[in-house]
Amino acid sequence: MEKTQREEKWNEEEQAEVDIWKYIFGFTEMAVVKCAIDLGIADAIESHGSPMTLSELSSSLGCAPSPLYRIMRFLMHRGIFKGKLTSQGSPGYAQTPLSRRLMKHGENSMAALILLESSPVMLTPWLSLSARVLADGTSSFEVAHGEDIWSYSASNPAHGQLINEAMACDARVIVPAMIHGCPEVFDGLSSLVDVGGGNGETLKVLVKAFPWLRGINFDQPHVVSVAGVISGVENVGGDMFESVPKADAAFLKWVLHDWGDNECIQILKKCRQAVLENKGKVIIVDAVIEEAEKDKLTDVKLALDMAMMAHTNKGKERTLKEWGSVIGEAGFSRYTVKTIHAVQSVIEAFP
Ligand SMILES: C[S@@+](CC[C@H](N)C(=O)[O-])C[C@H]1O[C@@H](n2cnc3c(N)ncnc32)[C@H](O)[C@@H]1O
């Protein structure tokens, strides 16, 4: 072996020796971040309004300084919080854009999504992923909980609420990104049905931005029965596999990725029947996996695909070619794709 080849092999070995620990303790990041949300660390620093010392933070949270110090050391090392001197010149903890996303409320909060994904109900199916791969078609979620995620949520309202809150926090981030990045998608629309709209947060943001828009929040009856009242939005319960309320356009955010191709085609056909033949369209907000070029969100999209494998029966993230295929099979004549500042892209499918 040439010297450079030997060196390269040695460097790879050395790197592997370090990298393997990422996987041994891969869960730690999620667990510590969940701990920070449960304790309300970001909320406490935010309401303090300036950097907090360890003793200020521990007395505000009602916990002992020593374990909190270790949690904060970990989170600072990951760049989630940062060190900053207080006005008295003592070492303190300060917020970063990332830690603000751990606040329980606030416009960029992603806490509800972290609390959903780190819940025991969502974590258990991950542990039988290999069985899911070996017996393709056997859902990890069903093996863990005896029914699919939507039936489980119907019979366990607390889990249903975790899902609705998680989806709402994503909506509060991604819908403004859409309004900013491609407002023309809503041009000429006077009514919009949000299919699988959850607790109606998406339409709440949309009707506020476009007050002339009449929103129909369509979801399973047990979901809309607990959705709040939103001015300009009507809650309608039903089954998207049977029929979808009529509107100028239908909106599907993070719905189709929960389903296999045949189910997507059925849902899209129902949406196609619901919208106007000449000026109607179906707006799909879901990830598009790039086949050639990778972007900075490719890792997230591939992780989301794994989550679909763990949590749904046949759901998956799709490449543009795969999207084209289900949209075409559902009878749409053409579609366009818009990239926005988010994990999801915006696909418009025209009858
Ligand atoms: C992943 S959530 C997405 C929620 C929302 N679109 C969002 O992204 O904020 C999927 C939604 O599909 C709804 N859903 C599942 N099966 C449905 C059905 N057969 N008919 C209508 N909605 C359904 C669920 O209740 C859930 O609210």
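**View 1. Helix 4 and helix 5 pack at an angle of about 110°.** The axes of helix 4 (residues 54–61) and helix 5 (residues 65–77) lie 10 Å apart in this predicted model. Angles of 65 to 115 degrees count as roughly perpendicular, and helix 4 and helix 5 are therefore roughly perpendicular to each other. Helix 4 passes helix 5 in a right-handed crossing. Helix 4 brings L54, S55, L57, S58 and L61 to the contact, while helix 5 brings P65, L68 and Y69. By class, the contact of helix 4 with helix 5 holds six nonpolar and two polar residues. Charged residues are absent from it.

**View 2. Helix 2 and helix 5 cross at roughly 120°.** The axes of helix 2 (residues 26–39) and helix 5 come within 11 Å. That angle makes helix 2 oblique to helix 5. The crossing of helix 2 and helix 5 is left-handed. V32, C35 and A36 of helix 2 meet I71, F74 and L75 of helix 5. By class, this contact of helix 2 with helix 5 has six nonpolar residues, with no polar and no charged ones.

**View 3. Helix 15 and helix 17 cross at roughly 50°.** The axes of helix 15 (residues 261–274) and helix 17 (residues 320–329) come within 8 Å. Helix 15 and helix 17 are therefore oblique to each other. Helix 15 passes helix 17 in a right-handed crossing. On the helix 15 side, the contact is made by D261, C264, I265 and L268. On the helix 17 side, V326, I327 and E329 take part. By class, the contact of helix 15 with helix 17 has five nonpolar and two charged residues, and no polar ones.

View 4. Most residues other than glycine have a negative phi. W254 is found in the loop between strand 6 (249–253) and helix 15. The cut-off for buried is 20 or more C-beta neighbours within 10 Å. W254 counts as buried because it has 20 such neighbours.

**View 5. D219 is a buried residue in strand 4 (residues 214–219).** D219 counts as buried because 24 C-beta neighbours lie inside 10 Å. Leaving aside neighbours within four places in sequence, D219 is in contact with G196, G197, G198, V224 and G237. D219 and N235 are 16 residues apart in sequence, and their C-alpha atoms are 8.0 Å apart in space.

**View 6. Helix 13 (residues 201–209) has a run of buried residues.** E201, T202, L203, K204, V205 and L206 of helix 13 are buried.

**View 7. K246 lies in the loop between strand 5 and strand 6.** K246 is partly exposed because it has 14 other C-beta atoms within 10 Å. K246 and K281 are 35 residues apart along the chain. Their C-alpha atoms are separated by 12 Å.

**View 8. A287 lies in the loop between strand 7 (281–286) and strand 8 (288–289).** A287 counts as buried because it has 24 C-beta neighbours inside 10 Å. Not counting residues up to four places away in sequence, A287 touches H257, K301, L304, E317, V343, Q344 and S345. A287 and V223 are 64 residues apart in sequence and 24 Å apart in space, C-alpha to C-alpha.

How values were computed. Residues numbered from 1 in each chain as written. Predicted model: local features only at pLDDT ≥ 70, side-chain atom pairs only at ≥ 80, totals over all residues. Helix = DSSP H or I, 4+ residues; strand = E, 2+ residues; numbered from the N terminus. Buried ≥ 20, exposed ≤ 12 C-beta atoms within 10 Å, placed from the backbone. Contact = placed C-beta atoms within 7 Å. Axes fitted to C-alpha atoms, helices over the stretch in contact; angles between N-to-C directions. Parallel < 35°, antiparallel > 145°, perpendicular 65-115°, else oblique. Left-handed = near helix turned anticlockwise from the far one by under 90°. Nonpolar A, V, L, I, M, F, W, Y, C, P; charged D, E, K, R; others polar.
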